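User: Hi, can you walk me through this one? I'm new to reading structures.

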Number of protein chains: 2
Amino acid sequence: MVCNDDGIFAPGIEALTSVMQELGDVLVVAPDSPQSGMGHAITINSTLRVHRISHSDRLTQYSCSGTPVDCIKMAVSKLSERPIALIVSGINHGSNSSINVIYSGTMSAAVEGCIEGIPSIGFSLCNYSYDADFSSCLSYVKRIAELVLKNGLPEGICLNVNIPSIHISKIQGVRVSRQAKAFWDEELDERTDPRGGKYYWLTGIFKNMDDGIDTDEWALANNFISLVPIQIDITAHHTIESLKMWDFSIPDNT
Amino acid sequence: MVCNDDGIFAPGIEALTSVMQELGDVLVVAPDSPQSGMGHAITINSTLRVHRISHSDRLTQYSCSGTPVDCIKMAVSKLSERPIALIVSGINHGSNSSINVIYSGTMSAAVEGCIEGIPSIGFSLCNYSYDADFSSCLSYVKRIAELVLKNGLPEGICLNVNIPSIHISKIQGVRVSRQAKAFWDEELDERTDPRGGKYYWLTGIFKNMDDGIDTDEWALANNFISLVPIQIDITAHHTIESLKMWDFSIPDNT
């Protein structure tokens with residue numbers, strides 16, 4: 001099953017679908033419009049619509065009015081006629097490395113697949129342009145998908161794969177990495193509308209605070225494909241014991 | 001600084017704001033309409049508006065057209081006139097325990113505060129009704145906020161606090177817990193519109209798969225307030241070594 005967050009007509013999902021057709025029958029359920037930055041949003045205060053775009057023995061495509069996570073829920077519980085062997089999301093137009101994994105609709109689709117108990121991978125190419133060249137990375141995308149189909153993934157784990165935007169001959173291989181410590185230093189671009197009202201565009205500068213050579217940012221900067229295992233249990237287990245020392249009792253005078 | 005996902009006019013944020021005023025000056029920046037289930041969504045394809053609702057020495061309130069995460073970014077980089085000592089989000093109308101932490105706009109506001117390097121807590125009351133009684137839990141909310149102000153939190157860690165909807169006299173205390181393994185078994189409620197088109201409501205049944213007595217679900221079921229430390233590094237570090245054994249090389253014939 002294939003999903004994305006750039007919408008069903010983006011070149012990235014077309015490239016991913018073509019590779020997955022080499023591995024088996026494909027069900028595409030993807031947003032009917034771009035949903036970048038939607039994170040793990042779901043649609044609970046309004047309704048969802050789906051529209052079948054194509055149907056054959058080997059490939060069926062649906063667009064959905066909701067978010068990437070809605071698309072996964074729709075595919076798993078309504079649209080798929082048999083158990084789904086693999087969920088792939090992307091190929092995203094732009095990086096989802098380091099802290100971007102938390103904002104990414106592409107990765108949230110993979111995380112939702114993982115919550116549903118299905119092996120799931122998010123793929124992103126570090127090139128934001130609409131007409132980015134996806135052909136160069138497809139042999140690696142296929143290889144990683146094959147390995148996940150063959151080996152499975154541990155329970156509660158999915159993969160965040162980011163691919164440098166370079167020719168395949170320059171790619172140094174796949175490097176299993178950790179999420180780099182980084183953040184966006186926001187700038188709100190303030191503008192004035194024709195009626196004098198203020199409005200803002202959210203923008204910012206990416207700041208990598210992590211010089212570890214085991215990070216996804218290091219891998220990408222050194223022409224490797226980064227592969228980060230992501231977990232759905234986000235408990236900070238190592239801090240539980242120290243937090244238990246806090247005195248949470250309510251003073252008598254309150 | 002106070003945020004939420006139910007919108008600036010929800011009773012839960014009013015209760016939280018009143019408690020925070022006992023601890024210091026308060027800046028409220030919250031969505032102008034309900035944003036439940038928005039996860040870590042940000043607004044990048046459209047613009048943001050803010051509207052100042054009240055202003056005094058001790059309390060300033062803004063509504064924002066964006067998501068809970070947008071509100072945090074707006075507060076930190078634009079609206080706050082001095083460094084923010086503490087970010088609290090909520091009090092959510094409904095549970096954000098176990099897997100719900102990933103879908104929650106309330107918790108995503110706290111996670112965003114944590115990414116920005118500010119001690120952050122999300123509070124939720126396990127009662128979905130609009131007119132839930134928040135008064136019973138406020139002494140605990142204040143106590144937890146005081147402890148975080150006094151002790152700080154480790155880098156990259158924020159707190160997910162869920163409160164059972166019972167009288168304060170029945171609350172057994174605060175229990176530091178881990179996120180229970182659970183998921184939503186989705187049902188898509190299919191309906192037909194007046195023109196004959198199909199549409200869906202996303203609904204489902206919560207399934208707790210975890211009988212551990214160290215989980216947030218156990219704490220809540222046993223009349224404890226659950227407190228789960230949450231981390232923004234979602235790398236599954238323990239799986240990195242085994243994934244490095246995979247052979248990612250591309251076969252020659254592709």
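User: What should I know before we start?

Analyst: This is a predicted model, where local features need pLDDT of at least 70, side-chain atom pairs count only at pLDDT 80 or more, and totals for chains, interfaces and linings use all residues. Residues are numbered from 1 along each chain as its sequence is written, while chains are lettered from A and ligands numbered from 1 in the order in which they are written.

User: Okay. How does chain A lie on chain B?

Analyst: Chain A can be laid on chain B with an RMSD of 0.0 Å, using a turn of 180° and a shift of 0.0 Å along the axis. The two copies are thus related as by a two-fold rotation axis. The superposition is by least squares on the C-alpha atoms of residues with pLDDT of at least 70 in both.

User: And which surface do the copies meet through?

Analyst: The copies meet through the same surface, because 100% of the interface residues of chain A are also interface residues in chain B.

User: New topic. How many residues has the largest nonpolar core?

Analyst: It has 150 residues. A nonpolar core is a set of buried Ala, Val, Leu, Ile, Met, Phe, Trp, Tyr and Cys residues joined through C-beta atoms within 7 Å. Buried means 20 or more other C-beta atoms within 10 Å of the residue's own; exposed means 12 or fewer, and partly exposed is in between, with C-beta atoms placed from the backbone.

User: Which residues have the most contacts inside it?

Analyst: Leu16(A), Val29(A), Ile121(A), Leu16(B), Val29(B) and Ile121(B). Helix H2 (residues 68–79) of chain A gives the most to this core, with seven residues. Helices (H or I, at least four residues) and strands (E, at least two) are DSSP runs, numbered from the N terminus.

User: Why would such residues sit together?

Analyst: In soluble globular proteins, nonpolar side chains tend to be buried together.

User: What is Val29(A) in contact with?

Analyst: Leaving aside neighbours within four places in sequence, the list for Val29(A) is Met1(A), Cys3(A), Tyr62(A), Cys64(A), Cys71(A), Met74(A), Ala75(A) and Leu79(A). Contact means that the two C-beta atoms, placed from the backbone, lie within 7 Å.

User: Now helices. Which residues of H1(B) are buried?

Analyst: In helix H1 (residues 11–21) of chain B, they are Gly12(B), Ile13(B), Ala15(B), Leu16(B), Thr17(B), Val19(B) and Met20(B). Their cover includes strands S1 (2–3), S2 (26–31), S5 (87–93) and S6 (120–125), plus helix H5 (138–151), of chain B.

User: At what angle do H1(B) and H5(B) pack?

Analyst: About 55°, with their axes 10 Å apart. Axes are lines fitted to C-alpha atoms, for helices over the stretch in contact, and angles run from 0 to 180 degrees between N-to-C directions. H1(B) and H5(B) are therefore oblique to each other. Under 35 degrees counts as roughly parallel, over 145 as roughly antiparallel, 65 to 115 as roughly perpendicular and the rest as oblique.

User: And where do H1(B) and H5(B) meet?

Analyst: Ala15(B), Leu16(B), Val19(B) and Met20(B) in H1(B) meet Leu138(B), Val141(B), Lys142(B) and Ala145(B) in H5(B).

User: What about H2(B) and H4(B)?

Analyst: Helix H2 (residues 68–79) and helix H4 (residues 105–115) of chain B pack at about 30°, with their axes 8 Å apart. That makes H2(B) roughly parallel to H4(B). Among the residues that meet are Cys71(B) and Ile72(B) in H2(B), and Ser108(B) and Ala109(B) in H4(B).

User: Where are the cis peptide bonds you have for each chain?

Analyst: One joins Gly90(A) and Ile91(A), with omega about -10°. In chain B, the bond from Gly90(B) to Ile91(B) is cis, with omega near -10°. Ile91(A) lies in strand S5 (residues 87–93) of chain A, and Ile91(B) in strand S5 of chain B.

User: What is the phi of Ser98(A)?

Analyst: Positive, about 45°, although Ser98(A) is not a glycine. Ser98(A) sits in the loop between S5 and helix H3 (100–103) of chain A.

User: Is Ser98(A) buried or exposed?

Analyst: Ser98(A) is buried, with 28 other C-beta atoms within 10 Å.
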